[in-house]
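The sequence and the model come first.

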Amino acid sequence: MDHSGHGMDLLPFTLGRGLGWSADPFFLIGCLVALALYGWGVVRLVRRGDKWPLGRTVAFVFGVLLVLLMMCTRLNDYGMVMFSVHMVQHMVISMLAPILLLLGAPITLALRALPVAGKGRTGPREVLLMMLHSRYLRIVTHPAFTIPLFIASLYALYFTPLFDFLMGSRPGHIAMMVHFLAVGLVFFWPIMGVDPGPHRPGYLMRMLELFAGMPFHAFFGIALMMASEPMVETYANPPASLGIDALADQNAAGGIAWAFSEIPSVLVLIALLFQWYGSEQRQARRADRAADRDGDKELEAYNAYLASLNARGR
């Protein structure tokens with residue numbers, strides 16, 4: 001497929017040109033609705049005297065802004081004809097934006113902000129709870145599903161005709177970008193562990209899940225960088241006005257994919273370590289409060305057990 005017509009009006013890529021405003025209506029409306037709903041939830045909590053961590057709000061807003069940056073600027077136009085720019089879009093939307101959105105704990109906010117429906121009635125909060133406890137969600141958030149899906153979103157998409165088919169139309173391109181975001185959310189949701197969910201492993205298992213998928217990202221990037229000819233038909237004939245070589249651009253795309261396999265891993269690992277530390281601190285405080293209430297009976301029982309062993313030894 002020759003996409004040279006897509007970029008006839010595009011000058012050679014620079015960051016300034018890439019950041020020019022060029023809104024995709026679907027993503028513009030979606031991002032504005034997400035910000036509005038999140039803002040409504042925070043305001044509702046604050047008005048009734050509850051607290052909501054500022055850090056969560058900042059993380060969610062930045063996550064939405066990243067999606068806006070990728071899909072509502074000229075980066076999206078250049079991404080249609082430049083593999084390297086498209087790869088930046090893919091990596092940010094599937095790996096950086098989901099992490100920030102999940103750190104914003106939108107499900108927790110919704111459960112706290114939405115009103116409880118009357119007896120025998122079903123409202124938005126009850127529907128959300130049913131979804132969280134559904135068999136479907138247990139399947140799509142299980143690592144046996146999320147890790148293969150995460151990997152297939154690279155290999156089964158770029159190395160088959162599916163990518164060229166989706167890039168051939170605006171609805172197909174939108175569907176692909178929504179898919180990238182959804183895959184990132186279901187992959188990182190159980191790992192981040194901020195919001196409640198059906199699959200919530202321990203911290204060590206979360207780290208294993210995180211690192212299970214990352215090497216495949218690196219291998220994918222290396223495969224693109226080592227290729228001796230363009231591997232994706234969509235980007236095989238870039239517009240002459242861009243002044244780029246298709247193979248060099250593909251090599252750059254591979255380098256971006258390889259680098260992004262490390263960045264989210266570090267961010268998530270830091271978040272997990274903070275969560276783990278906070279969990280240990282909370283458990284220690286609960287143990288201290290329990291000891292204060294019962295006079296540390298557990299310690300007394302243990303000391304008595306040691307004394308009985310000592311007496312037997314005599």
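## H86 and the basis of the model

H86 counts as buried, with a relative accessibility of 0% (buried means under 20% relative accessible area, exposed over 50%, partly exposed in between, with a 1.4 Å probe and protein chains only). The model is predicted: local features need pLDDT of at least 70, side-chain atom pairs count only at pLDDT 80 or more, and totals for chains, interfaces and linings use all residues. Residues are numbered from 1 along each chain as its sequence is written, and side-chain values use heavy atoms, with hydrogens and water left out.

H86 belongs to helix 5 (helices are DSSP runs of H or I with at least four residues, strands are runs of E with at least two, and both are numbered from the N terminus). Apart from neighbours within four places in sequence, the contacts of H86 are G79, Y158, F163, M176, M177, F180 and Y235 (contact means heavy atoms within 4.5 Å).

## Overall make-up

The protein chain has 15 helices and 0 strands. Of its 314 residues, 42% count as buried. Among contacts in the chain with a separation of 6 or more, 78% are between residues 24 or more positions apart.

## The largest pocket

The largest pocket holds about 1,200 Å³ of space. Its lining has 37 residues, of which A34, F60, P106, I107 and L185 are the closest to the pocket centre. On a 1 Å grid over the protein atoms alone, a pocket is an open set of points with protein on both sides within 12 Å along at least five of seven lines, whereas a cavity is a set of points where a 1.4 Å probe fits but cannot get out; lining residues have an atom within 4 Å of a point. Grid points are joined across faces, edges and corners, and a volume is the space filled by probe spheres set on the points.

At least two lining residues come from each of helix 2 (25–47), helix 3 (54–71), helix 5 (83–103), helix 6 (106–113), helix 7 (124–132), helix 8 (135–140) and helix 11 (170–192). Helix 2 gives the most, with 10 residues. By class the pocket lining has 32 nonpolar, 4 polar and 1 charged (Ala, Val, Leu, Ile, Met, Phe, Trp, Tyr, Cys and Pro count as nonpolar, Asp, Glu, Lys and Arg as charged, and the others, Gly among them, as polar).

I107 is in helix 6 and counts as buried at 17% relative accessibility. Beyond four places in sequence, I107 is in contact with L128, L132, W189, D195 and P196. The C-alpha atoms of I107 and P196 are 7.4 Å apart, although the two are 89 residues apart in sequence. A105 lies in the loop between helix 5 and helix 6, is buried at 0% relative accessibility, and has a positive phi of about 50 degrees although it is not a glycine.

The buried residues of helix 7 are E126, L128 and L132. Seen down the helix axis, they fall within an arc of 160 degrees, so they line one face of helix 7 (the arc is that of the directions from the helix axis to the C-beta atoms). Helix 6, helix 8 and helix 11 are among the elements that cover these residues.

## T141

T141 sits in the loop between helix 8 and helix 9 (143–158) and is buried, with a relative accessible area of 2%. A polar atom of the T141 side chain lies 2.7 Å from the backbone oxygen of L137. Leaving aside neighbours within four places in sequence, T141 contacts T146, W189, P190, P198 and H199.

F150 is in helix 9 and is buried, at 3% relative accessibility. Not counting residues up to four places away in sequence, F150 touches M95, V183, F187, G213, M214 and H217. F150 and F180 are 30 residues apart along the chain, with 9.0 Å between their C-alpha atoms.

The count is 1 cavity of 30 Å³ or more. The largest cavity holds about 30 Å³ of space and is lined by H90, S94, F150, S153, V183 and H217. Helix 5 and helix 9 are the elements that give two or more residues to this lining. The cavity lining has 2 nonpolar, 4 polar and no charged residues.

Conventions. Polar contact = N/O pair within 3.5 Å; in protein donor to acceptor, adjacent residues only side chain to side chain.
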